[in-house]
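Subject: Structure handover

Hello,

Here is the structure I said I would pass on. Please open it alongside this message.

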Amino acid sequence: MPKTTFTPFAPFAAMLGGLATVLTLAACAGNGQTPAAPGAPAAAAAAPGGLCNAQPAQVVLGQSSTASVVESARARSGARMARILRPGQIITKEFNAQRLSLQVDGNGRIIAARCG
């Protein structure tokens, strides 16, 4: 018969592997989304399923890109997340239908609101 050896740390290694998987999944759960603020205005013309509709967010053009203004634009658009695009900033070009992109000028004023 083959001789088996007992490794006292084997059960712990399996537990650590499972814990690492759970922690990885938990870290990915938020995926950078901007959560809705309590008392934020309801998105009357929001697209279903978190899809962005930039038209209702146009009301923020010319405003300063404060956290509350960005959140208001995100909520109005129905997008699940928002990002601010500053002059000269390197950005990703992939289209994300659940993201509102707010372009700002050098003073932080919003000059464009687009989905993607």
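Below are notes on a disulfide and on one arginine.

Please keep in mind that this is a predicted model.

The disulfide

The count comes to 1 disulfide. Cys-52 and Cys-115 form this bond, with their sulfur atoms 2.0 Å apart. The two cysteines link distant parts of the chain, being 63 residues apart. Cys-52 lies in the loop between helix H1 (10–29) and helix H2 (67–77), while Cys-115 belongs to strand S3 (residues 110–115). As a reminder, a disulfide is a covalent bond between the sulfur atoms of two cysteines.

The torsion about the S-S bond of Cys-52 and Cys-115 is about -75 degrees, so the disulfide is left-handed. Cys-52 has a relative accessible area of 13%, and because buried means under 20%, Cys-52 counts as buried. Cys-115, at 25% relative accessibility, is partly exposed.

The arginine

Arg-83 sits in strand S1 (residues 81–85). Arg-83 is buried but has no salt bridge. Its nearest side chain of opposite charge is that of Glu-94, 5.3 Å away, and a salt bridge would need a distance within 4 Å.

What does the side chain of Arg-83 join in a polar contact? The partner is the side chain of Ser-101, at 2.9 Å. Leaving aside neighbours within four places in sequence, Arg-83 is in contact with Ile-91, Thr-92, Arg-99, Leu-100, Ser-101, Leu-102 and Gly-116.

Regards

Notes:
Residues numbered from 1 in each chain as written. Predicted model: local features only at pLDDT ≥ 70, side-chain atom pairs only at ≥ 80, totals over all residues. Heavy atoms only, no water. Disulfide = S-S within 2.5 Å. Helix = DSSP H or I, 4+ residues; strand = E, 2+ residues; numbered from the N terminus. Buried < 20%, exposed > 50% of the residue type's maximum accessible area, 1.4 Å probe, protein only. Lys, Arg positive; Asp, Glu negative; His and termini not counted. Polar contact = N/O pair within 3.5 Å; in protein donor to acceptor, adjacent residues only side chain to side chain. Contact = heavy atoms within 4.5 Å.
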